[in-house]
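Student: I would like to learn how to read salt bridges in a protein model. Could you take me through them step by step?

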Amino acid sequence: MEGKGTELCWDYLKICETHAEHLKQGQRLIRHWSTGKLEWVDVSQDSSDRVSNKNRDHGSGHSSSTVEAAGSTKVLPKNEIIIDKAFRDSCIITAIPTLADFMGKEGYEKYIKAIEEAEEQVKLKYEAQQQSSKFRNRPLVEEKAVFSQNAWDDVDWDDEQKTEAILKVENNSKTMVDEVQRVQLDDNAADNWTKFYEIHQNKFFRDRRWLFKEFPDLVGPFGPSFDSTMSESEIEKKRQNETFVGENSNFRILEVGCGNGSTVFPLLMYNNHPELYVYCCDFSSKAVQVVSESPHLETNRCTPFVWDITKENPNLPFPPESLDIVVIIFVLSAISPEKFDQVFQNLYKILKPNGLILFRDYGLYDLVQLRIGPGRCISDNFYFRGDGTRVYFFTEDEVEDIFKRNGYTKLDIIVDKRLQVNRLKKIKMFRVWVQGRFQKISSSLNSSI
């Protein structure tokens with residue numbers, strides 16, 4: 001029984017992805033245990049078809065039971081199993097006789113575990129596609145409704161608000177730091193971030209579960225795996241006979257500026273496919289320590305390491321042109337603008353041809369910039385906070401130009417203008433972020449870059 005139960009799990013898992021299209025066409029999947037065949041049955045029939053199906057003689061020699069599906073009735077022999085996968089929300093498995101009776105207790109428990117894992121993984125994979133029409137689609141139509149929900153998308157600023165933002169930036173930029181302090185802030189950048197993580201560790205950032213909505217590329221060409229037991233065994237096989245860790249996995253991601261793992265851990269959690277390998281780095285040794293000591297770290301799927309991405313000729317755990325995607329989210333803003341080019345030249349060398357950089361960072365006139373007081377300006381749109389960490393605010397054109405001059409082509413770029421509200425205190429918070437996807441043009445630029 002255990003063998004058949006496990007086999008049935010994988011029969012189900014294999015058809016999960018294609019199942020959705022059949023379901024939308026009004027079909028259901030039937031497994032014929034007598035022949036071992038899977039058959040899609042059209043249950044979107046008119047009343048005459050339903051009558052004929054209800055009285056249909058399967059000729060199986062087994063007594064029949066009536067099953068209701070999508071508004072039509074079909075009679076099935078008792079040795080057949082219907083597997084019904086709702087597109088995103090749930091798994092419904094109906095069996096005659098019961099699955100537990102058919103499989104035995106142990107096989108049934110493994111089956112249900114696999115189904116639950118499959119449901120979660122399939123939901124994740126399709127969420128980016130299914131919610132793309134909903135995500136960032138919360139327009140504020142009437143001002144009186146502003147406190148009716150927590151956030152609004154693509155909120156345009158009126159002339160008065162724009163003028164006020166410009167004046168605030170002019171005011172907090174009047175007094176620049178001197179050269180000595182500027183150099184000190186740059187020299188102490190890693191130490192200041194280390195102190196930051198010593199204080200906050202894993203208490204500061206929330207998991208960035210919006211990643212897969214904003215960047216569906218992170219799901220990868222292989223999609224998520226479904227069964228944790230199989231995934232673990234396949235991962236163990238992948239780690240054998242590698243010249244560098246992660247070599248045998250064919251979808252490799254690097255997160256730059258991993259912090260406390262708010263990006264890398266969701267990546268590992270929601271995609272356990274053996275083909276995925278994740279590297280993550282930070283120039284703060286404390287940040288890397290926090291990630292390395294986290295119970296969420298899967299050491300056979302992820303390698304944290306210290307790397308200052310503004311430095312040339314680093315010692316990396318992978319060879320050149322070995323990465324499919326580099327994620328750099330709220331990281332570039334913490335680096336001196338004169339080092340931006342070196343950052344993307346370094347990343348260019350480790351990306352595969354046509355590899356992607358997924359970018360998101362602070363935009364000009366974001367709430368954070370407008371709240372900065374006088375005396376903290378290092379250079380235009382570049383400031384330091386009270387703890388010594390620094391932050392830069394980008395324009396869309398500026399981001400596009402940085403990538404273009406360093407050998408990347410723009411796939412898409414947006415300015416995400418979002419109004420967040422505190423409904424209890426009736427406070428409005430206008431956020432501005434710049435986000436884009438950029439692709440390495442070719443490997444021919446390596447010699448010059």
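Student: How many salt bridges does a search of the whole structure find?

Tutor: Side chains of opposite charge can pair when their charged atoms come close. A salt bridge here is a side-chain nitrogen of Lys or Arg within 4 Å of a carboxyl oxygen of Asp or Glu, and the search of the whole structure finds 23 of them. This is a predicted model, in which local features need pLDDT of at least 70 and side-chain atom pairs count only at pLDDT 80 or more, while totals for chains, interfaces and linings use all residues. Residues are numbered from 1 along each chain as its sequence is written, and side-chain values use heavy atoms, with hydrogens and water left out.

Student: Which parts of the chain does the pair D186 and R390 link?

Tutor: Helices (H or I, at least four residues) and strands (E, at least two) are DSSP runs, numbered from the N terminus. D186 belongs to helix α6 (residues 179–187) and R390 to strand β15 (residues 390–392), 204 residues apart, and their side chains meet at 3.0 Å, N to O.

Student: Which residues are joined into one network?

Tutor: Salt bridges with shared partners connect D153, E214, R360, D416 and R418.
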